[in-house]
Amino acid sequence: MKAVILSAFGAPDTLEIREVPTPSPAAGEVLVQVKAAGICHHDILHRAGKLPGARAGVVLGHETAGEVVAVGDGVITHRVGDPVVIYQRQFCGLCRNCLRGRQDMCRALGLPAVDTVGGYAEYVCVPAPMAIPVPRGLPWEAAALSCCPIGTSLRALRTLAGTSPGDTVLITGASGGLGMHQIQIVRALGARSIAVTSSPAKAAHLKSLGADEVIVAPDLKFGAQAWQLTGKQGVDIAIDNLGLSLPETLRSMAQGGTVVVLGNIDGQAVDVLPGLLIGRRIRVMGSGSGTLEDIRQALAMLACGQIRPVISATLPFNEIRRAHELLDTKAVEGRVIMQGWL
Ligand SMILES: [Zn+2]
Ligand SMILES: [Zn+2]
């Protein structure tokens, strides 16, 4: 089969298409023919050698949807022809975290976020529990995005923050892959969104996705406007997709508000005022990828049209270097999806 190998850390031209043996499913595994694979910012960091613990010589890609084409011995949950999306990292299914439904916190199988079963290939072989059933008829590109950008966002907004009808939700980094899906989830949950972006050119797109308010703040000073837009009450919930915006996010919070931090784009420390947390009784949580249950719910919301995948380009795998260049130069509004081979 053909696969894209990360030959070394560096620029997009380190991604090489090679012929490699097609894997065959061992007991308990399924072989999936890849139908669509999303490109994540994580892949860009991995390729550039900026992801701690990551290796070169691997196949990248953790946003993979496809069709089961073979099952190993003992697999009773899947059949040939089933559409599936692959959970974004390996989990053991046996540790304390897995048994309480927190596959995202499994530490049994290598480094999370680094050990990917790469989807930049014609086929991928995974343990059957990692292949999550997809509602029939859902487009492959929608299924591919159900785990990473959408499941992650649904976990933060619904499972953790408990977004409810009538809540006001602030979203920083709203024009990124997470933010553009979060705007839609907030609307689906009956809440009101205030989307923060750095670029005036992106404001109209955020409105078209359903943002109730858009704040353009290239300097990340959005607290005063958020305060104004809420009648000086502050926002009930905030999703911080940047990390460096956290001090301003905290200033935007209502009494008893909840902040979920999903992003850490420059990796720097930020100033947090303990008095502000205490005075406003603010709850701050960190989160990451969704659990199997979050992804099942994300797929259901995609299937009924409450969330639409935001895709800026679909390219064949042969153009993987160009796809990575698009992300490197930030020339995208939405996910880039790889589909098919020339
Ligand atoms: Zn991703
Ligand atoms: Zn586990």
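Guide: Domain bounds here come from an automatic or database domain assignment, and on that basis the chain is divided into domain 1, made up of 2-139 + 309-338, and domain 2, which spans 151-286. The model is predicted, so to speak of local features requires pLDDT of at least 70 and side-chain atom pairs count only at pLDDT 80 or more, while totals for chains, interfaces and linings use all residues, and side-chain values use heavy atoms, with hydrogens and water left out. Residues are numbered from 1 along each chain as its sequence is written, with chains lettered from A and ligands numbered from 1 in the order in which they are written.

Taken over C-alpha atoms, the centres of domain 1 and domain 2 are separated by 29 Å. Where the domains meet, 8 residues of domain 1 are in contact with 9 residues of domain 2 (contact means heavy atoms within 4.5 Å). Between domain 1 and domain 2 about 680 Å² is buried, and carbon and sulfur atoms give 54% of that area; buried area is the accessible area, with a 1.4 Å probe, that two parts lose on being put together, summed over both.

As for specific pairings, 2 residue pairs, both at pLDDT 80 or more, are in polar contact between domain 1 and domain 2. A polar contact is a pair of N or O atoms within 3.5 Å; within protein, one must be able to donate a hydrogen and the other to accept it, and residues adjacent in sequence count only if both atoms are side-chain atoms.
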